[in-house]
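Trainee: I'm new to reading protein models. Could you walk me through some side-chain features, one at a time?

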Amino acid sequence: MKRKERTAALTCRTPIRVRFSEVDSMQVVWHGEYMRYFEDGREDFGRRFAGLGYADIAQSGYLAPVVEASLQFRSPLRVNDTALVETRYIDTEAAKICFEYTIRRESDGVIAATGSTVQVFVDSASELCLVQPDFYVEWKRKWLK
């Protein structure tokens, strides 16, 4: 089933060079590495849009575990390919962080994979937050003008 891409409020593009240790016996990137590439995209996003990195969230007294993830494979990546991970922040009124991803092979622009993740906020007592934490509301005010 083809998912409908939502409109991104913010976008970040992160280059990834495929290492030998990331390919399987068929000489293509092992399927689990794509989730790691999504993680690389989220980390880069957090650096570029300061205040939403993992350290920033923790310093605000919260954690943001991934509670949902999807991944669709389109075309294989191989060792030494450079891929671009496009990480799109999808704004929502709920107390969660939603990202969508497109991984393209840089040499020809072919889509290698697409996917999405959802993160929720938990406080220092590991309780699920049902409303957006104040730091997140402030982050949105800063970046979603």
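This is a predicted model: local features need pLDDT of at least 70, side-chain atom pairs count only at pLDDT 80 or more; totals for chains, interfaces and linings use all residues.

Trainee: Are R88 and E86 buried or exposed?

Mentor: Buried means under 20% relative accessible area, exposed means over 50%, and partly exposed is in between (1.4 Å probe, protein chains only). R88 and E86 are both buried. They also belong to a network of salt bridges that links R13, E86, R88 and E100.

Trainee: How many salt bridges are there by this rule?

Mentor: The count is 11. One of them joins R42 to E39, whose closest N and O atoms are 2.2 Å apart. Both sit in helix α1, three residues apart, or about one turn of the helix. Helices, by the way, are DSSP runs (H or I, at least four residues), and strands are too (E, at least two), numbered from the N terminus.

Trainee: Why does R42 count as buried?

Mentor: Because its relative accessibility is 8%. E39 has 24%, so E39 counts as partly exposed.

Trainee: And what does R42 touch, apart from its neighbours within four places in sequence?

Mentor: Contact means heavy atoms within 4.5 Å. With those neighbours set aside, R42 is in contact with Y54, V66, T87, F99, Y101, T117 and Q119.

Trainee: What about rings? How do I describe a pair of them?

Mentor: You give the distance of the centres and the angle of the planes. Rings of Phe, Tyr and Trp (its six-membered ring) pair if their centres lie within 6.5 Å; planes under 30 degrees apart count as stacked, over 60 as edge-to-face and the rest as tilted. This structure holds 16 aromatic pairs. F45 and Y89 are stacked, at 6.1 Å centre to centre with 25° between the planes. That pair links distant parts of the chain, with F45 in helix α1 and Y89 in strand β3 (residues 82-90), 44 residues apart. Both F45 and Y89 are buried.

Trainee: Which pair is tilted?

Mentor: F135 and Y136 make a tilted one, at 6.4 Å centre to centre and 50° between the planes. Ring pairs also link residues into a cluster, including F45, Y89, F135 and Y136.

Technical notes
Residues are numbered from 1 along each chain as its sequence is written. Side-chain values use heavy atoms; hydrogens and water are left out. A salt bridge is a side-chain nitrogen of Lys or Arg within 4 Å of a carboxyl oxygen of Asp or Glu.
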